[in-house]
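This briefing goes through a structure topic by topic. Look over the sequence and the model before reading the points.

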Amino acid sequence: MPAARPRPPAVGYWIGFGVVVVLLVIAPLVLPPFWQRFATEILVWGLLAMSSDILIGYTGMVSFGHSAFFGLGMYGAAAALLTVKPPSLGLALFYGLVAAGAAAVFVAYFATRLRDIYFAISTLVFSQIFYVIIFTWTEVTGGENGLTFSQPRLTIPGIWSVRFTPVTFHWFVLAVVLLSYLLVRRITQSPFGMVLQSIRENEPRTRAIGYHVERYKIVAVMLSGLFAGLSGVLYALQNKFAAPDFVFFVVSGEVVIFNVMGGMGTLVGPFAGAAFFLLLREGLSRFLTEYYLIPLGIIFVIMIIFLPQGLLGFLRRRLNA
Amino acid sequence: MDQILVQTLHGLVNGMVLAMVASGLTLIFGIMDIVNFAHGDLMMLGAFVGASVVGVTGNYWLALVVAAIVIAVLGALLQITTLRPLIGRDPLTTILATFGVSLVIQKYALWQWGPSVRRINEPVPGEFTLFHLQYPWYRVATAVLAGLIIGGLWLFLKYGKYGIWIRATTQDRVMAQAMGIPVPLVYTGVFAIGSAMAAASGVLFGPFAGVTQTMGFDFTLRAFIVVVVGGMGNLGGSILASIFVSLLESYASIVVSPAQAVIVSFVVLVLTMLFRPTGLFVPTPK
């Protein structure tokens, strides 16, 4: 790559960004209730997929264990909402992030010593450890049944407090997702993000230049885990429950599918991937019920072979401008 | 004391079945650098095919052979359609592709055979008495049979003409090609053999706990664990690791529930990867 690549002007990017944001703000006002909820869900799953993109797309590490962070975010939120009266939104976010962050520290410390498939397998194994613990520790986590709780109110302490409606909840999720996106985008473009990308391109050389590669990887996994936890909290708030199914491997697998379908290393790609996957699932399961995964899996494999860049991969340069 | 003895026997028997699953996986990994995420699902599919054959003919041994052949053909087709185009790409893409395949196989099995557990009847009747505990013969027979099949694979790799082709390809695929070995065909053949091993172990496992369409993931994970613990691509290492891990799990299940005993093997894996990433049962690389 030439040293002084001229940066393409980012005007087009910001116009596109603005249009998408406006559409997402209007969406809940015009959509029927079912699709309203669907739009919110795409944002939540997209956030989870984007968190994993920090690892897959920017650092070159495939995580098969993101369900652990997502699930711990859910259970963290549940803990806050069940133990503290009155239930508080801020505390749910805080507990969820702490739980996911703690898991991320643990996983990061061990898993980042390994590379490639070994990293992928070890993240998978760690997520299964959390799954088994949550599934069998019935007294605390509710075991197979999970935990249910009521939705907290949207409050600014002392000033204002309202009950969430589906529309305001969508806006709340949208705000959180937008902030996270801009933050992650800023991070991936910072010098720190550049080091991550150089690890992806050539790890030995990055080490030779003098970067402490392991430390960068640990921070990347922790960041990724925190944002995954955040999406877990949002999902728990939307559905008012936390269940062990969401700590199971299937969720991690879906996250990887979102990334591959949407385009790794683009941050918005995972959102597109999540939307594409969920729409396909919705459409296919209408007449195939739970067997929608048969055609979907085939589409996924075909995309890996013929479209390895994903749906938005061709925009990669522009999206990172 | 009795319990320890029974658990030792359990561990050994389970270990042999797991070794068979893992040997297919490690063969594929060692030769093609492919982490086959669908391996457990091929095993599950083989078990279902076996159960169907047993259901129709009542002959367990026929089922074993038919399942192995059917899944070997399927494996060859899978390799040609999905894995061959990925040769030369990042090995991680093969994990993703085989993961996609595993989803399809799982749901296909659900669609074809339904969610209920299928049992395969024991091929060898009777029990023997161990002190004052009854232990069924077929479990012992299964372990012996698994050992024989793995031994056969080893002999084939060591002395068979095609076995030598396979080993040559592992060592240096460019040179092997230059010597006239049809490398793409070897890849397809290896994948077929690995799949057949998976299917056969599925049929062997069938009488133990029955066959469900969700058992694939469990076995994929466990096979990964023993393959890493035993040293990637090392046949002897993964067999020892299978027995080691299964024994530990059996002993652990005396104290905690079997669902929690799984954690023991996870811990073994993590410790191995941290302190001896080349594998427990291989000589230290120089």
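In this predicted model, the largest nonpolar core has 198 residues. The residues with the most contacts inside that core are B:Met20, B:Ala67, B:Ala199 and B:Ala200.

**Around B:Ala199**
- Leaving out residues up to four places away in sequence, B:Ala199 touches B:Leu42, B:Met43, B:Gly46, B:Val49, B:Ala67, B:Ala68 and B:Ile71.
- One of these, B:Ala67, is also listed with B:Ala199 among the residues with the most contacts inside the largest nonpolar core.

**Where chain A meets chain B**
- On the chain A side, 29 residues are in contact with 33 residues of chain B.
- Helix 5 (116-136), helix 11 (249-262) and helix 13 (293-306) of chain A each supply at least two residues to this side.
- Helix 5 of chain A gives the largest share, 11 residues.
- By class, the side of chain A that touches chain B has 22 nonpolar, 5 polar and 2 charged residues.

**Two crossing helices in chain A**
- Helix 4 (residues 89-111) and helix 10 (residues 213-239) of chain A have axes that come within 8 Å and cross at roughly 145°.
- The crossing of helix 4 and helix 10 of chain A is right-handed.
- Their contact has 20 nonpolar, 5 polar and no charged residues.

**A:Thr206**
- A:Thr206 lies in helix 9 (residues 203-209) of chain A.
- A:Thr206 counts as partly exposed because it has 19 C-beta neighbours inside 10 Å, and a buried residue needs 20 or more.
- Beyond its neighbours within four places in sequence, A:Thr206 is in contact with A:Val195, A:Ser198, A:Ile199, A:Tyr211 and A:Val213.
- A:Val195 is 11 residues from A:Thr206 in sequence, and their C-alpha atoms are 7.6 Å apart.

Definitions and conventions: Residues are numbered from 1 along each chain as its sequence is written. Chains are lettered from A and ligands numbered from 1 in the order in which they are written. This is a predicted model: local features need pLDDT of at least 70, side-chain atom pairs count only at pLDDT 80 or more; totals for chains, interfaces and linings use all residues. Axes are lines fitted to C-alpha atoms, for helices over the stretch in contact, and angles run from 0 to 180 degrees between N-to-C directions. Helices (H or I, at least four residues) and strands (E, at least two) are DSSP runs, numbered from the N terminus. A crossing is left-handed if the near helix is turned anticlockwise from the far one by less than a right angle, and right-handed if clockwise. Ala, Val, Leu, Ile, Met, Phe, Trp, Tyr, Cys and Pro count as nonpolar, Asp, Glu, Lys and Arg as charged, and the others, Gly among them, as polar. Two residues are in contact if their C-beta atoms, placed from the backbone, lie within 7 Å. A nonpolar core is a set of buried Ala, Val, Leu, Ile, Met, Phe, Trp, Tyr and Cys residues joined through C-beta atoms within 7 Å. A residue is buried if 20 or more other C-beta atoms lie within 10 Å of its own, exposed if 12 or fewer, and partly exposed in between; C-beta atoms are placed from the backbone.
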